[in-house]
Amino acid sequence: MNSNHFTLILSCLACFVAAAFAQESTNKNKFRQLHTELRTPNVYRTASGAPGHAYWQQRADYDMKIELDDANQRVLGSETITYTNNSPDALTYLWLQLDQNMRAQDSDRRKIATSKITKKMSFAEVKRLHYDFDGGFKLEYVRDGANRDLPHIVNQTMMRVDLKSPLKPGGSFVVKVKWWYSINDRKKVRGRSGFEYFPDEGNYLYTIAQFFPRMAVYNEVEGWQHKQFLGRGEFTLPFGNYRVSLTVPADHVVAASGVLQNPGAVLTAAQRSRLKQARTASEPVFIVNAEEALKNEASHANGKKTWVFKADNVRDFAFATSRKFIWDAMGVKFNNRTVMAMSLYPKEGNPLWEHYSTKVVAHTLRTYSDFTFDYPYPVAWSIHSDRIGMEYPMICFNGGRPQADGTYNEKTKYGMISVIIHEVGHNFFPMIVNSDERQWTWMDEGLNTFLQYLTEQQWDRDYPSRRGPADKIVDYMKGDRKNISPIMTNSESLLQFGNNGYSKPAAALNILRETVMGRELFDFAFKQYAQRWMFKHPTPDDLFRTMEDASAVDLDWFWRGWFYSTDAVDLAIDNVRWFRIDSRNPDIEKPAKQVLAASLPEQISKRRNKELIDETLLEKDPSLIDFYNEHDPYEISILDKEEYREYYQALSEEERSLLDSDFNYYEIDFSNKGGLVMPLILEFEYADGSREVERIPAEIWRLNNKKISKIFSSKQKIVKVTLDPFLETADVDVNNNYWPARHIPTRFQLYKKKQKRLENKMQRQKRADEMLETTNGAPPAGEMGKGNQR
């Protein structure tokens with residue numbers, strides 16, 4: 001090898017190492033673009049985040065006949081599915097979801113469930129270990145449109161139906177299925193669907209969903225989305241039209257997705273008249289009142305009625321049925337349309353439910369519509385069953401039950417209102433903006449929780465929202481990194497499901513709206529996303545790209561930090577240094593220096609030497625004293641003044657103005673201890689008590705993600721600096737957010753091992769009123785404390 005070859009190899013190697021080092025260094029920057037994380041734009045999904053010109057999605061229409069076996073708590077059904085292939089692909093098989101098979105005795109869900117024995121376990125926990133319930137689908141047949149058996153295979157919660165010939169693009173195929181399954185008692189087997197039993201009456205309240213074999217989604221992102229249903233990752237479904245006949249006991253009242261098609265066959269004339277009146281009412285109108293519900297409760301009719309519902313352009317169907325239901329309703333106007341907001345609830349839900357439910361539904365529809373699009377469906381139901389919260393198109397199941405005496409605490413009241421807002425809000429995400437729940441919990445739960453927070457705050461200025469504000473997520477974000485997942489984690493693999501899928505994305509969106517983008521830019525971009533993807537299937541990429549496309553705000557750093565990492569926000573004020581311009585005017589500077597010197601503490605050695613050294617050599621021998629021993633460094637000489645005059649005259653007017661401005665300059669050092677870069681929100685408090693807030697974009701960290709310094713100027717003296725004064729960035733340690741330093745104590749509670757169960761405030765007030773009645777308004781004798789005795 002000659003020297004030229006060797007030199008060339010070394011040169012190439014050096015270039016390679018330099019490029020690799022530069023690439024590694026660049027890739028660690030918090031502001032690098034998300035090009036490697038996001039899918040390549042194409043004709044189906046554009047780089048702007050909008051559906052492309054060749055976007056397509058499949059369609060599945062259903063005609064179902066369903067019967068409720070109230071005696072044995074079973075659902076029996078048959079369906080005809082018309083599946084339309086709008087894709088450019090020929091399909092040789094179809095996949096259907098059998099979600100009830102999660103409750104089959106041999107389900108993977110049961111096998112992978114983990115548990116531990118602790119020193120104290122409840123009876124309910126141990127009972128669940130022994131509860132032998134088989135709730136899986138029992139298929140009687142799978143046929144084509146000509147009633148010929150179709151070859152199929154069931155793999156846990158998925159069923160593949162093999163086609164004799166490929167289903168070509170633009171073609172349709174009919175699948176017929178007949179099945180039944182046993183309904184779970186939700187008290188014993190938790191779930192989104194099931195029944196609540198009332199043993200004193202022998203009555204059941206059914207909230208039924210995932211009750212039929214449903215088509216899986218086929219698209220250009222996942223192919224067939226047939227990830228098994230293990231209980232957490234919810235549902236991914238195509239849109240279609242439904243016609244469903246529900247046969248139930250004759251004394252039952254039924255609510256379902258869609259519009260009732262045969263009110264004359266199932267409602268009395270009086271009930272139909274009330275329903276018509278409710279369309280224009282400003283307050284909820286009872287369609288089935290409490291007296292009628294009590295009568296139904298006791299009847300236990302032997303006959304049956306069939307309620308027929310039609311739901312257009314929905315992704316799913318659910319229903320509720322019971323003889324216990326009270327029904328109220330009111331109309332909500334959207335331009336020239338009236339949407340019926342309605343509630344069904346047993347007497348056990350009152351007085352909360354008759355007072356709040358339907359008004360909460362109406363409020364939710366209006367508020368969500370303001371931030372997205374006008375609610376497009378004709379009805380929205382809120383159904384009450386104990387301890388539940390689950391959503392489906394046009395119908396949702398909600399908990400929030402008062403005590404048996406009709407009283408309730410604040411937690412129950414606001415919990416009920418919040419769950420209704422949340423579940424009704426799911427009509428928008430994911431029932432209309434139809435994201436892939438099986439893959440990404442946060443895309444519907446997080447966005448919906450964010451809008452839930454906005455809706456709660458428009459219900460009551462002092463609403464005790466549990467999620468949404470940045471400070472509500474701090475405890476989670478400062479936890480052990482080993483117990484936290486990135487938001488961009490598959491639904492079945494999330495750690496701390498509620499915090500990750502609901503709280504953190506909701507807080508992130510609120511931070512975007514309030515701190516990073518501002519309300520005007522955020523609200524426009526968010527509405528663009530909702531309207532672009534209504535009745536379509538968006539991905540996270542489509543949301544991320546739309547928010548940037550509609551706002552001209554580069555948010556790659558934000559998505560990367562908040563959604564792809566487990567970093568926390570912990571920005572700190574490390575140091576503050578105060579500066580003033582040296583005016584070089586001896587009349588100003590020398591006295592100032594003299595005052596400063598006099599204010600400095602005396603060195604410890606000098607202090608002690610005064611006491612321990614009787615006489616220095618200079619004191620013994622004055623002949624050693626010269627000019628420098630007697631010179632006053634703070635004396636202003638004529639030469640000092642002349643030098644200043646010459647200096648000042650040489651300055652321009654602008655420079656003289658700056659020199660005479662008398663500004664204070666503060667150099668502040670900041671550090672990023674948590675990893676997440678965020679804007680700097682600073683509040684300055686001045687000597688006169690006034691305050692000023694300065695907002696600095698997150699891009700201040702772009703060249704150094706860990707440490708930065710910035711100079712601030714002010715006419716007034718700054719006495720206090722606060723970082724994140726309004727708790728808007730989810731900073732996990734506010735103790736390092738102050739100058740001068742300030743420490744906030746964390747409080748702990750003392751308690752006794754045995755605590756008396758507290759009354760709720762309504763029960764306490766009721767007892768106080770009864771006590772006053774018995775004592776004619778005077779305190780009971782002998783119970784007045786010493787502090788009240790005269």
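Where is His300 found, in terms of the helix and strand on either side?

**View 1. His300 and Asn313, two residues with a positive phi in a predicted model.** The structure shown in every view is a predicted model. His300 is found in the loop between helix H6 (290-299) and strand S17 (304-314). Most residues other than glycine have a negative phi. The phi of His300, however, is near 50°, a positive value in a residue that is not glycine, and its relative accessibility of 33% makes His300 count as partly exposed. Asn313, which is found in strand S17, likewise is not a glycine and has a positive phi of about 55°. With a relative accessible area of 26%, Asn313 is partly exposed.

**View 2. Helix H15 and the cap at its N-terminal end.** Helix H15 (residues 586-599) has 14 residues, and from its first C-alpha to its last it reaches 19 Å, close to the 20 Å expected at 1.5 Å a residue. The buried residues of this helix are Pro586, Glu589 and Lys590, and because they cover an arc of only 95° around the axis, they sit on the same side of H15. On the other side of H15, by contrast, Val595, Leu596, Ala598 and Ser599 are exposed. Helix H19 (638-649) is included in what covers the buried residues of H15. The N-terminal end of H15 is capped by Asn585, which has a side-chain oxygen 3.0 Å from the backbone nitrogen of Asp587.

**View 3. An open antiparallel sheet of 4 strands.** Strands of a sheet pair through backbone hydrogen bonds, either parallel or antiparallel. Here the strands follow the order S27-S26-S29-S30, and the pairing is antiparallel. Strand S27 (691-696) and strand S30 (738-739) stand at the edges with a single partner strand each, so one side of each is left without a neighbour in the sheet. Strand S26 (residues 680-686) is joined to S27 by 6 bridges, and within this pair Leu682 stands opposite Glu694 in S27.

**View 4. Strand S23 and its pairing with S21 and S22.** In a regular strand the side chains alternate between the two faces of the sheet. In strand S23 (residues 395-398), Ile395 and Phe397 point one way while Cys396 and Asn398 point the other way, and all of these residues are buried. Strand S21 (residues 379-384) pairs with S23 in the parallel sense over 4 bridges, and the bridge partner of Trp381 in S23 is Ile395. Strand S22 (residues 389-392) runs antiparallel to S23 and is joined to S23 by 4 bridges, with Glu391 standing opposite Cys396. S22 and S23 form a hairpin that has 2 residues between the strands, and Met394 in the turn has a positive phi of about 70°.

**View 5. Phe317 in the largest nonpolar core.** In soluble globular proteins, nonpolar side chains tend to be buried together. The largest nonpolar core of this model has 192 residues, and those with the most contacts inside it are Phe317, Phe558 and Trp562. Helix H7 gives the most to this core, with 9 residues. Not counting residues up to four places away in sequence, Phe317 touches several others, among them Phe211, Phe212, Tyr242, Val244 and Pro393.

**View 6. Asp669 and its surroundings.** Asp669 lies in strand S25 (residues 664-672), and at 15% relative accessibility it counts as buried, since the cut-off for this is under 20%. The side chains of Asp669 and Ser709 are joined by a polar contact of 2.5 Å. When neighbours within four places in sequence are left aside, the residues in contact with Asp669 include Ala572, Asp574, Arg577 and Ile708.

View 7. Most peptide bonds are trans. Pro740 is found in the loop between S30 and helix H21 (761-775).

Notes: Residues are numbered from 1 along each chain as its sequence is written. This is a predicted model: local features need pLDDT of at least 70, side-chain atom pairs count only at pLDDT 80 or more; totals for chains, interfaces and linings use all residues. Side-chain values use heavy atoms; hydrogens and water are left out. The expected span of a helix is 1.5 Å times one less than its number of residues. Buried means under 20% relative accessible area, exposed over 50%, partly exposed in between (1.4 Å probe, protein chains only). The arc is that of the directions from the helix axis to the C-beta atoms. Contact means heavy atoms within 4.5 Å. A polar contact is a pair of N or O atoms within 3.5 Å; within protein, one must be able to donate a hydrogen and the other to accept it, and residues adjacent in sequence count only if both atoms are side-chain atoms. Two strands pair if DSSP finds at least two bridges between them. A nonpolar core is a set of buried Ala, Val, Leu, Ile, Met, Phe, Trp, Tyr and Cys residues joined through side-chain atoms within 4.5 Å.
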